[in-house]
Amino acid sequence: MFDFAASFSSIEHSGLGRYGDPLDPAGDFKAMAQVSCMVKPGGFFFFTVPFGFDCIEFNSHRIYGPVRLPYMLENWRVVDYVGTANFQFRDDPTKKCTPKSGGFSLQNARGCINGW
């Protein structure tokens, strides 16, 4: 197990088949669960994903918003957020798939999830 792990713009592609992986609607959630098994309880994980409003630009990537992002962060304690904009979601229907970039510093709050 590791004290620290990082993922830069990769988890949002998990399960979409673009890079030869099998199609899996929960591929990103499974990837986060796998990371929870690689990082010690109390260890840290820094990851970046595009965020804005929830959508999928199939088969390229997901954009995380007020629906899906909380599930990604569910078993982690958010230590800090850094990014190009405040971590807020605008209600602008013309820009639903216009992502912002940002990164989260997370602490493993529960250890290994789902036996990964």
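**View 1. Gln 107, a buried residue of strand 6.** Gln 107 is buried in this predicted model, with a relative accessible area of 18%; here buried means under 20% relative accessible area, exposed over 50%, and partly exposed in between (1.4 Å probe, protein chains only). Gln 107 belongs to strand 6, and helices (H or I, at least four residues) and strands (E, at least two) are DSSP runs, numbered from the N terminus. Gln 107 and Phe 45 are 62 residues apart in sequence, yet their C-alpha atoms are 6.2 Å apart in space. Two notes on reading these views: residues are numbered from 1 along each chain as its sequence is written, and side-chain values use heavy atoms, with hydrogens and water left out. The model is predicted, so local features need pLDDT of at least 70 and side-chain atom pairs count only at pLDDT 80 or more, while totals for chains, interfaces and linings use all residues.

**View 2. Strand 6 and its partners.** Two strands pair if DSSP finds at least two bridges between them. Strand 2 (residues 39–51) and strand 6 (residues 100–108) pair in the antiparallel sense over eight bridges. To find your place, look for Pro 50, whose bridge partner in strand 6 is Ser 101. Strand 5 (residues 76–83) also pairs with strand 6 in the antiparallel sense, over seven bridges. Here Val 78 has Leu 106 of strand 6 as its bridge partner. As a reminder, in a regular strand the side chains alternate between the two faces of the sheet.

**View 3. The largest nonpolar core.** A nonpolar core is a set of buried Ala, Val, Leu, Ile, Met, Phe, Trp, Tyr and Cys residues joined through side-chain atoms within 4.5 Å. The largest one has 18 residues, and Met 32, Phe 45, Phe 47 and Leu 106 have the most contacts inside it. Helix 1, strand 2, helix 2, strand 5 and strand 6 each supply at least two residues of this core. Which element gives the most to this core? That is strand 2, with five residues.

**View 4. Asp 28 and its two arginines.** A salt bridge is a side-chain nitrogen of Lys or Arg within 4 Å of a carboxyl oxygen of Asp or Glu, and by this rule the count comes to four. Asp 28 and Arg 62 meet in one of them, at 3.5 Å from N to O. Because Asp 28 lies in helix 1 (residues 27–38) and Arg 62 in strand 4 (residues 61–63), this pair ties together parts that are 34 residues apart in sequence. Both Asp 28 and Arg 62 are buried, and the relative accessible area of Asp 28 is 0%. The side chain of Asp 28 also forms a salt bridge with Arg 68, at 2.8 Å from N to O. Arg 68 sits in the loop between strand 4 and helix 2 (69–73), so its pairing with Asp 28 of helix 1 ties together parts that are 40 residues apart in sequence.

**View 5. The salt bridge of Asp 24 and Lys 30.** Asp 24 forms a salt bridge with Lys 30, with the closest N and O atoms 2.8 Å apart. Lys 30 counts as partly exposed because its relative accessibility is 34%.

View 6. A disulfide is a covalent bond between the sulfur atoms of two cysteines; the rule used here asks for a pair of cysteine sulfur atoms within 2.5 Å. By this rule the count comes to one. The sulfur atoms of Cys 37 and Cys 112 are 1.8 Å apart. Why is the disulfide of Cys 37 and Cys 112 right-handed? The torsion about their S-S bond is about 75°, so the disulfide has that hand. The pair links distant parts of the chain, 75 residues apart: Cys 37 is in helix 1 and Cys 112 in the segment after strand 6. Cys 37 is buried at 13% relative accessible area, whereas Cys 112 counts as partly exposed at 44%.

**View 7. Two backbone details.** The peptide bond from Phe 58 to Asn 59 is cis, with omega near -10°. Asn 59 lies in the loop between strand 3 (55–57) and strand 4. Ser 9 is not a glycine, although its phi is positive, at about 50°. Ser 9 is found in the loop between strand 1 and helix 1.
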